Amino acid sequence: MKGMSEAEMAPWFEQMEQRLNISKWAFDPNRNNAMLRKGCEQLGWDYTVIKRNVLGCWNTGYCGMGCPVNAKQSMLVTTIPSALNGGATLLSRFEAVKIEHQGDKVFGIRVRARDSALKPRSDELMLKGKHYILAGGAIHTPVLMMRSKLADPMQLLGKRTLLHPTVLSGALFDEAINGHSGAPQSIYSDQFVWQNGAAGELGYKLEVPPIHPVLIASKTLGFGKSHAELMANFNQLQVVIALIRDGYHPDSPGGNVMLTEDGFKLDYPLSAGFWQAARRAFASMAELQFAAGARKVLPISEGVGYLNSWQEAKTAIANMPLAPLKTVVASAHVMGGCPMGEDKAKTMVNSMGRSHYLQNLSVMDGSIFPTSLGANPQLSIYGITARNATALAKELRPEQAAPVPETMLEAMPETMPVSAPETAT
């Protein structure tokens, strides 16, 4: 890739942090995060305070369910209003169904309406523009490109879809954790992410998830009496998650997004390397939770049960069976499927997100990552998109676009450049 060194990208990350109010969380972590920090301190492990994209946060803990006070600086309250103020038109309840193209040019994107219940209608529109930007994410961008039969001579679309597959460990404390209250993620540990280098055994990042009744009820174990007992201890429950760094090792190629007769499917094989990393992660999480003062630890995998000490946990985790449908594996970070780079044999778009095959098509979302990140990808997507969108705006309307900054001294405009009204996104 070109133009994406640490020094070249630093100004873009800084500008997005300023624009979206991303800053170090200044308040004490909630008890769920505090136990992660305490365990790291007891064991001498690395940990860091997470930066959060909030403004006027009430610390309610309901970020993932829709911020009740609009403190979360999502695109809903930042970029979309800026785009509308700049002359953009927003089409609500429409989905892109086909990219119409001929030769090396896109001449329209066909979109279909959905009703108030989000069921497809027969109404269609053709969006015409000077330049077209796909931002449907690592699933829907490759699906739309494949459905539209775009050039893909190396059969790269939908391949190497990476998920940071995640395993979970619960722990019961004598004290109240009340993990549903307060900022859900404010501490993380990179102690094990790069311990063996990029090409070594799969590393993992330690975080905590949001804890709410439906999330816990659907992601934990048991049924009937055992499940009821677990939920009865809801306020004493602390949960750690380990995000496996996939996509770097030959044993971790990721998954494939494929078209089906009625839509698409994602196939993500869980390799032997993943299960080895998962076992190490379960052990690390249990050790951390006992170091933080947990009374019992519950690896979220069927057939293990509560473990009463770190010594018991070491033996049990070393021997417990791990398998699909037995071990709960979750994911929150979907990446890849339309990789970026300068080598056409390995990539679909160049380092600026421009299609190798269609002059007026760009991709600006998480699908462009050729590997996973080993980190939550939000700021990476923001920074790369800001860089590429600003360069595109300068090309399309040079008299209106802000200059592409070459140093950290050049600031982003208050409103992100929006390309000409005839440009469809």
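**Entry 1: ground rules**

Two strands pair if DSSP finds at least two bridges between them. Helices (H or I, at least four residues) and strands (E, at least two) are DSSP runs, numbered from the N terminus. I'm working on a predicted model, where local features need pLDDT of at least 70 and side-chain atom pairs count only at pLDDT 80 or more, while totals for chains, interfaces and linings use all residues. Residues are numbered from 1 along each chain as its sequence is written, and side-chain values use heavy atoms, with hydrogens and water left out.

**Entry 2**

I started with the hairpins. Strand 5 (residues 105–114) and strand 6 (residues 120–127) run antiparallel and pair over five bridges. I looked up R112 and found E124 of strand 6 as its bridge partner. This hairpin has five residues between the strands, and L118 takes a positive phi near 65° there.

On to strand 4, which pairs with strand 5 in the antiparallel sense over eight bridges. Which residue is the bridge partner of H101 in strand 5? I found V106. This hairpin has two residues between its strands, and G103 in the turn has a positive phi of about 60°.

Next I traced an open sheet of six strands, in the order 2-9-10-11-8-14, with antiparallel pairing. Its edge strands are strand 2 (48–49) and strand 14 (296–299), each pairing on one side only. I checked strand 2 and saw two bridges joining it to strand 9 (residues 187–192). There, V49 stands opposite I187.

**Entry 2: helix 4**

I need the burial cut-offs here: buried means under 20% relative accessible area, exposed over 50%, and partly exposed in between (1.4 Å probe, protein chains only). Helix 4 (residues 137–147) is mostly covered, with eight of its eleven residues buried. Among them are I139, V143, L144 and M146. What covers the buried residues? I found contacts (heavy atoms within 4.5 Å) from elements including strand 4, strand 7 (132–134) and strand 12 (256–260). Just after the helix, K149 takes a positive phi of about 55°.

I looked up two other positive phi values. Q155, in the loop between helix 4 and strand 8 (166–172), has a phi near 55° and isn't a glycine. N178 isn't a glycine either, and its phi is about 50°; N178 sits in the loop between strand 8 and strand 9. At 30% relative accessibility, N178 counts as partly exposed.

Is T347 buried or exposed? It has a relative accessible area of 5%, so I put it down as buried. T347 is in the loop between helix 8 (310–319) and strand 15 (361–363). Its side chain makes a polar contact (a pair of N or O atoms within 3.5 Å; within protein, one must be able to donate a hydrogen and the other to accept it, and residues adjacent in sequence count only if both atoms are side-chain atoms) with the side chain of H356 at 2.9 Å. The T347 side chain also reaches the backbone oxygen of G341 at 3.1 Å.

G61 is buried too, with a relative accessible area of 4%. I found G61 in the loop between strand 3 (51–53) and helix 3. Leaving aside neighbours within four places in sequence, G61 is in contact with H180, G182, A183, P184 and H212. G61 and I211 are 150 residues apart in sequence, yet 8.8 Å apart in space, C-alpha to C-alpha.

**Entry 3: salt bridges**

A salt bridge is a side-chain nitrogen of Lys or Arg within 4 Å of a carboxyl oxygen of Asp or Glu. How many does a search of the whole structure find? I got eleven salt bridges.

One of them joins D174 and R295, with the closest N and O atoms 2.7 Å apart. D174 lies in the loop between strand 8 and strand 9 and R295 in the loop between helix 7 (272–291) and strand 14, so the pair ties together parts that are 121 residues apart in sequence. I noted D174 as exposed at 65% and R295 as partly exposed at 35%.

R354 and E395 meet in another salt bridge, 2.9 Å from N to O. R354 is in the loop between helix 8 and strand 15, and E395 is in helix 9 (residues 378–396), 41 residues apart. R354 counts as buried, at 18% relative accessibility. I also found E100, R110, R112 and E124 joined into one network by salt bridges that share partners.
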